[in-house]
Amino acid sequence: MKTEAALRGRSAPVGSPFVGFVFVLPAFTLFCVFGIWPIIRSFVLSLHEWPGIGAETWKGLTNYAKAFTDPIVRLSFFNNAVYSIGIILVGVVPGLILSILLVSTMKGRLIFQTIFFFPRLVSQVIVAVVWSWIYNPRFGLVDRFLRAVGLEKFAIGWLGDPQWAMWAVIVAGGWTYFGFCMVIFMAALQNTDPFLYDAALIDGANSFQIFAHVTIPQIQHVLTMVVVFTLIDSFKVFDIIYLMTSGGPGDKTQIMATYIYREAFRHNHYGYGAAVSILLTVFILAVSVIILRIRERSAEA
Amino acid sequence: MMRKLSLILAVLIIPAMVAFAAGQTEPGQKAILKVWDQWTEEGAQTGAAQAITMIEKSFMEKHPNVTVERTPMQVEEMTNTLKPAIAAGRGPDVFYSEVGIGFVGPIIQAGYIMDLTKVAKERGWIEKLYPISLELPSINGMIYGVGHELEFVPVYYNKNIFKALGLPAQPKSIAEFEDVCQKLKAAGYIPMAWGGKDWWYQSNFTTEVLWSFVDKKKIEDGMYRDGSWSLPEVRNAIETAFVKWAKNGFFIPNPTAIGSNEVNMEFIQQKAAMHITGSWDIDTYVKNVKDFEVGTMLFPPARAGKPFNTISFVGSGYLINAKTKVPKAAVDYVDYVCADPDTARIWVEVGNKVPPFKNLPAGTKMNPMLQETLNTLLMDASETTPGLAMTVPPEVMSFLQKSASMVLTGQITSDQWVDEFQQLWDKSKAEGLTRGSFKVSQ
Amino acid sequence: MRTARTLWGRIIIYLILCLVAVYTLVPVVTMILSALRSPHDSQRGPFTWPLEFSVLHNFRDAWVFGHFSNYMMNSLIQTIPAVAIVVVFATLAGFGFAKTRFPLKNTMFFTMIGGMMIPFQSIMIPLFFLFNSLGLIDTHGAVILAVGIGGIPFGTFMMRSFFIGLPNQLLEAARLDGCSDLSAFLRVMLPLTYPAWVSLIIFQTMWSWNNFLVPLVFIFTDKLRPLPLGLMFYSSRYNTEYTLVAAGVLITILPLIILYIVLQRKFISSITMGALTG
């Protein structure tokens, strides 16, 4: 591995340390001032309670203790997990399937690709508006369709239903995401070895066996990366939930980010909100580090 | 190569510089009065936005050395940005916002709200304005704001439909009200245009039913003196409105997914016969209702003989930044907007709102719906009590804004509603955010 | 690449693809149709076939009376400099991290990568006060800085990966020719980065253009609102006037669509390159 890299001349440093440092400095400084400093400030704030103006009251670690016993924190975290898994089901998996289908077509590939990727360009505000129309109980597409085919009893107010609201939002979120995943998987598939397919076909394998034993292992790396990225990114989600349900009905679609927002801005608990946000950040960092370590270890294998 | 690079950089950096420069404000010659309010040109506030623009023009004519810079914003933006802006010294001199202690309390404790007690006496506000307009924005004997824009929450109904079905224009009890609803439903109408998606629908209607079932004295005990809310009447109110009536189909189907614009539409298109909203929607009716007459009735009390109790609001109110550099201009502005007969007339005629100024000048043309609302309220055996939104701490308010749909969808029972409400109240009391527990200086 | 071998197989595949295409396009087509039909006709509901049309009226309403011309201007003013910031600083930093060695390099790099994980809510309030003391609240500057600097970690990561992929021989050759480090960088490395820049610009433009939370927090006057924020308030105000909302939506999305159509292949290849180098 190391010899190979040296041969390709990639890991050997080329520029002088001084130049490198100077190049990195502006970006790093900006990042520290506008990124790290606010986090430190947030952490300090999380050790106090502060109503948004006036004096801060020292609280030590009580905000954190409170967060661990707060049922809504647990509910929000759970909802984030549901959202993550949901997006994988409604975004990543369809993306994978479509990528395989599309890669095995000749005509029209570009058109389909263009269409499927398109939702990624759309702002979350627009997604929320359009999908709210689709889910509207009076004139929405879903309920009208259900009534038209006689399944009227399934025509409910999706975004106001405690059981289905989260999944309704997940479907909307998945709509923006599957094309993106598909495109990534297609690129990964292009890099696979056609001979392996032919060999498998000669051996008499059917499509599913080929899929499971030939295709997947070759794009394993990219697949893992996409799943991990999706999981982590889903914990930061805010816009689409805020715009479609605001965490409602009740707290059924409340997620960490919207809860933090509410606690700080609505309830004057900026300290507590900061504590919950620090916990969220730590969680995301921890998961990312663990995943990276696992990847490194398996890459070395 | 270098030229290309510099060109690219220039193209990218110059807009950045322009953008920064555009953000700088220039110091002016006259005193600048920064006002933040919520009179945006949207929805039910269009008339009010026109009114305030006229009033402002007139103010600047009367005070030529003051320039008013008014920034209208949504409720939410104000909530987010007011406190940080004030604390960092970039806040407005005058602002129109919620006057509840839950929101303003911390700002008062931090010393940023001007004490208006003396000003109220000097400028004669105590005589000129409705008492409630000064009572609500005051605590521990200190007046800290001027409540503006009295709103009421009766029930608006479609007079044509009611007449056609021979229904009483003013049900005298909940039982009678339910009877009306049944008849409306049988005739194919939606009895109540109400939806639980927007938070103010939930909090207003919840308050409305509570006021109907609970005695005024107990309400005031609870609101002002941290009395108990764990009352059987409270439970009945919630159970009736959000369990019984939902089951009977008195609301728009799937109410938890229905927002205010759709609620309005159902009423305007005559699919629903009654509209659960407040007098702020009169402006909407004036602009949109063409083919039927809108009537006002009071939400009936739980049992016949109990006094009608309607929610009154002071909308939000005007407050003054204690650290303003132009205190006189600020007080002049508030005085003019709230306590002047000419502006009162503009509020009524252009804004379709009831201003806090009591004695409207002769000849003020009040919109008939607004007039009817006022008349109905002045009916015998009718009281008004400020709505919960005016007085409750933020966590209780959050609960009010979402709990109706929780009961509607069976997530909590009415008993659990009562328990949680009481719990949150006690929690806020411990934080000193209720009217009963708030202390101006900590 | 392997193609479906049986006729039936191919038919089924195309059928599935077409169904998914319909699923993808229904929201879009609804918006387009809603923006074209007359307001009166739209009251029957956005999912009914239009019978009356009034294209110009809707767009003019949104553009003029709905202030969308302002919002468009603001979006441009807030996006272009932010993208510039990312391109400039991330390229420099990416090169530094990729091709040089200096003390604390890895620490600094991983700190910046960690920065990608921070949810905006964690730093919103302290950032507000920081911008406040710089007099930037309610100016374009706040949004430009927040969005630009927010894009630096990912941009750096991407550029670093890219530079790692470039062979060092080029730089060494330049140095042998007597170039200083800086001019070696400028003359040799930079021209090669254009493809990476296209990717970066696409990513960052998408993110900046569609960003709504940052302007929500730092801007409160209507005259500075960018398109997504303006659209949000516009749509809640005109909730039942579907034609106007649809016109607003189309205006918001138009520039990105144009960019997408023009740079189509680049878009997709840039996404995949960004992803696969991760």
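**Before you start**

Residues are numbered from 1 along each chain as its sequence is written, and chains are lettered from A in the order in which they are written. In this predicted model local features need pLDDT of at least 70, side-chain atom pairs count only at pLDDT 80 or more, and totals for chains, interfaces and linings use all residues, while side-chain values use heavy atoms, with hydrogens and water left out.

**Stop 1: the two domains of chain C**

Select residues 2-53 of chain C for domain 1, then 61-272 for domain 2; these bounds come from an automatic or database domain assignment. Ten residues of domain 1 of chain C and seven of domain 2 of chain C take part in the contact (heavy atoms within 4.5 Å). Together the two domains bury about 690 Å², with 78% of that on carbon and sulfur atoms; buried area is the accessible area (1.4 Å probe) that two parts lose on being put together, summed over both.

Now pick out C:Met31, C:Ala35 and C:Gln43, which lose the most area on the domain 1 side, together 52% of what that side buries.

**Stop 2: a sheet in chain B**

Move to chain B and look for the open, mixed sheet of five strands in the order E2-E1-E3-E13-E6. Strands here are DSSP runs of E, at least two residues long, and helices are runs of H or I, at least four, numbered from the N terminus; two strands pair if DSSP finds at least two bridges between them. Strand E2 (66-72) and strand E6 (146-147) of chain B are at the edges with a single partner strand each, so one side of each has no neighbour in the sheet.

Further in, E1 (31-37) and E3 (94-97) of chain B run parallel, joined by two bridges. Zoom in on B:Trp36, which stands opposite B:Phe95 in E3(B).

**Stop 3: where chain B meets chain A**

Show both chains: the contact takes 32 residues from chain B and 28 from chain A. About 2400 Å² is buried between them, 51% of it on carbon and sulfur atoms. Which residue forms a salt bridge with B:Glu266? Select A:Arg138, where the closest N and O atoms are 3.1 Å apart.

Finish on helix H3 (75-87) of chain B: H3(B) gives seven residues, the largest share of the side of chain B that touches chain A.

Key:
A salt bridge is a side-chain nitrogen of Lys or Arg within 4 Å of a carboxyl oxygen of Asp or Glu.
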